[in-house]
Amino acid sequence: MDIFIKLVPDTMLLQKKPYNFLLYLTLLLTLSCARDKQQRHVLPEDLPEIQPLTEVRYAKRFNISYFEEYKLIKVNNPWPGSSDTLTYLVSQNQQVLDAFGNNKGVKVIQQPLSNIVCFSTTHLPYLEFILEEDKLSGFPTTDYIYSESILERVRSGGIKDLGPSNEINLESLLALAPDLVFAFSMGNELSMIQKIELSGIPVVLNADYLEDHPLGRAKWIKFMAAFFDKDLMADSIFTAIEKAYLETKRRMDKIQIRPTIFTGVVYGDAWFMPGGNHYGTQFFRDAGGDYVWADDASESILQLSFEVVYQKAGSADYWVGTATYNSLTDIEQADSRYRDFKAYRTGNVYNYSARVNEKGGNAYFELGYARPDIILKDLAKILHPEEMEEHQFYFYKKLY
Amino acid sequence: MSNRLTGVIIFLLVLLLILVLLNIALGSVYIPFPEILSTLSGHAIENEGWRNIIIQFRVPKAITAVLVGSGLGISGLLMQTLFRNPLAGPFVLGISSGASLGVAIAILAGMSLGFGLTQMGIGGAWILTVSASLGAILVLGIVVLVSLKVQDSMSLLIIGLMFGSATGAVVTVLQFFSKAESIQAYLVWTFGSLGGVTWQELEVFLPVVLIGLVVSFFMSKTLNALLLGDNYARSLGVDIKRARLMIIIVTAILAGTITAFCGPIAFIGIAIPHITRLIFNTSNHRILFPMVILCGAILMLICDIIAQIPGQQYTLPINAVTSVFGAPLVIMLVMRRKNFSKTFVK
């Protein structure tokens with residue numbers, strides 16, 4: 001494993017706490033996650049706080065630091081527009097927990113965790129990969145779930161449905177008395193999260209969905225694993241996913257011909273199109289595609305008028321990601337003007353709906369964050385089928 | 001018709017024509033004006049993409065804007081006259097609530113009820129159109145039945161409002177139990193959209209709205225009588241129940257169809273009749289009808305031009321523009337004229 005040193009983004013230097021200068025240099029996992037609990041680095045007394053040992057590559061929003069009896073897990077900017085840093089301290093040692101319990105800036109979480117609740121399907125694959133899915137006892141809107149083994153536990157009553165995700169049934173949640181809730185926030189659920197915390201249940205905010213690199217999102221497996229002390233396991237899983245992703249990327253980078261590609265459909269009068277630096281755009285680039293809005297500088301999703309898309313993407317080779325439309329007929333019936341797109345005429349239209357169960361749970365939305373390597377392979381096969389003959393489509397399917 | 005009125009109508013027609021041209025000329029994609037003119041006059045232009053944008057996007061959208069503005073204006077006028085209430089609009093009888101309920105059932109309950117409608121595409125234009133029409137017809141049917149029972153229009157107004165609340169509540173419950181993406185699809189529908197109407201849909205939309213407008217035209221005498229009170233109208237030989245039924249049906253056809261194709265377009269229906277009355281200082285329906293049609297079309301075209309933010313690749317939801325732009329206009333007109341109530345019944 002190669003060791004590398006990476007400078008953190010400038011924004012991190014502006015953080016208030018003085019010890020953060022140490023984040024300057026971030027070392028590799030070999031030193032960090034690779035450690036078992038017993039073998040952890042003992043800190044010298046004069047450096048009581050941080051020995052940042054997690055690399056910042058790909059994932060910008062979390063970091064983990066390891067100490068003799070505890071770990072500090074930090075989430076930076078946990079929701080859009082937030083400049084907060086949340087610090088979670090996890091430990092099995094009651095003395096450590098008590099000592100930090102009074103510190104307002106730190107949220108203390110007692111290990112081991114035996115009963116947890118997750119709020120997003122994207123959290124579930126991480127749990128499954130580190131073999132901790134049996135700890136899950138509740139989930140909002142279980143209809144969203146795709147994983148058959150987790151659904152089996154929903155049906156047998158092992159996992160309780162906590163009601164619609166936008167309005168969690170607080171009483172059901174409290175009745176489960178979970179050790180920890182893995183939540184996420186778009187910025188407007190904070191009052192609900194506060195209520196849960198006030199009732200004594202610790203809540204951890206997962207910001208995987210805000211990472212702008214596909215591997216950055218996948219890397220959050222290490223975040224989840226840290227709470228279960230499965231850092232080493234998560235690290236090797238992530239490394240394998242990273243390797244697979246980069247391998248496909250390298251293969252596609254060599255190809256000279258890059259077909260043009262666009263995505264999305266029109267809702268009302270607006271076509272939501274990922275900006276040139278959006279998470280989704282990175283996939284198109286790495287899969288050997290020429291994304292039509294690649295020149296755009298924004299990281300967010302653009303809201304375009306139909307005619308702009310018609311003008312710019314009308315002659316694009318591939319149309320990948322058609323929301324709820326799952327056949328060419330659906331598309332044409334929705335708006336006959338879609339027929340004028342070259343990708344439609346040549347039948348090069350694909351959607352991420354190859355695996356959807358009868359209740360609407362979609363594997364792409366659940367597993368996609370954790371397995372960007374598969375998404376990339378699918379996309380590479382769409383754009384360069386001759387290069388990817390050995391790969392079978394997993395998330396995507398061609399529409400007819 | 002006086003000369004002054006003829007002059008005003010000609011002026012408004014010219015303004016309408018200019019705005020239609022402007023509406024077609026201005027959009028997110030820049031197309032030189034000469035190219036627009038040659039495309040519209042049937043000449044070939046070099047850039048096939050531009051031609052398609054003009055023919056497939058901008059012309060149907062401009063026609064839709066004209067139909068929506070005039071159709072909602074007339075429905076609003078009919079309702080304000082029927083109820084002799086300046087706060088009435090095309091949707092007071094629960095037509096838009098009914099349409100919303102239809103769409104909500106299609107989008108939100110579609111999947112859980114196993115209809116699989118959403119599987120066929122949430123944006124599937126005809127599914128939404130048909131569900132909205134069915135919802136509007138359902139609520140309207142009940143209102144018509146009730147209108148045959150109750151004596152005065154005021155009771156009908158209250159019953160219509162109650163229907164609106166009840167259907168709104170059902171929609172809220174549906175939303176509560178729906179998935180985020182379905183709620184989003186429903187919300188997008190409620191924003192309203194003029195750009196979603198294609199030529200194919202105009203084949204249905206255009207004749208229905210035209211029929212509604214023409215029929216309403218023939219009712220102006222009855223409406224003038226109604227404005228002076230049910231008893232007065234009766235003494236003039238107006239069959240009140242029949243008149244009421246006709247007004248309701250015409251309003252439902254206009255407002256229901258427009259809502260089905262474009263979503264619940266806010267504000268225009270209430271504002272246009274007031275704006276027209278205030279500008280022309282009359283409550284005579286023979287004059288109001290053509291003026292409401294022209295003013296409605298003109299205002300809607302202006303709103304749509306603003307919503308496109310010409311030159312930008314972004315668009316605003318049309319409902320935001322109609323309200324933000326329309327409300328100050330009405331306030332300004334009302335403030336300027338102190339005897340507002342006199343313009344309503346003269």
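## Ground rules

Residues are counted from 1 along each chain as its sequence is written, while chains are lettered from A and ligands numbered from 1 in the order in which they are written. Since this is a predicted model, local features need pLDDT of at least 70 and side-chain atom pairs count only at pLDDT 80 or more, whereas totals for chains, interfaces and linings use all residues.

## Confidence

For the complex, the predictor gives an ipTM of 0.81 and a pTM of 0.82. A contact here means two C-beta atoms, placed from the backbone, within 7 Å. Where pLDDT is low, the predicted coordinates should not be read in detail.

## Chain B

Chain B has 15 helices and zero strands. The C-alpha trace spans about 65 × 60 × 35 Å along its principal axes.

Of the 346 residues in chain B, 50% are buried, that is, with 20 or more other C-beta atoms (placed from the backbone) within 10 Å of their own. Among chain B contacts between residues at least 6 apart in sequence, 78% join residues at least 24 apart.

## Chain A and its sheet

Chain A brings 15 helices and 19 strands, and 46% of its 400 residues are buried. One open sheet runs β15-β12-β17-β18-β19 (chain A), five strands with mixed pairing; to pair, two strands need at least two DSSP bridges between them. Its edges are β15 (290-291) and β19 (397-398) of chain A.

Inside chain A, β17 (residues 318-320) and β18 (residues 349-351) pair in parallel over two bridges, and Trp319(A) stands opposite Val349(A) in β18(A). Helix α15 (residues 372-383) of chain A packs on this sheet, touching β12 (260-262), β17 and β18 of chain A.

## Where the chains meet

At the interface, 31 residues of chain A contact 37 residues of chain B. On the chain A side, the elements giving two or more residues are β16 (301-304), α11 (306-313) and α12 (328-334) of chain A. The top contributor is α11(A), with five residues.

Key
Helices (H or I, at least four residues) and strands (E, at least two) are DSSP runs, numbered from the N terminus. A residue is buried if 20 or more other C-beta atoms lie within 10 Å of its own, exposed if 12 or fewer, and partly exposed in between; C-beta atoms are placed from the backbone. Axes are lines fitted to C-alpha atoms, for helices over the stretch in contact, and angles run from 0 to 180 degrees between N-to-C directions.
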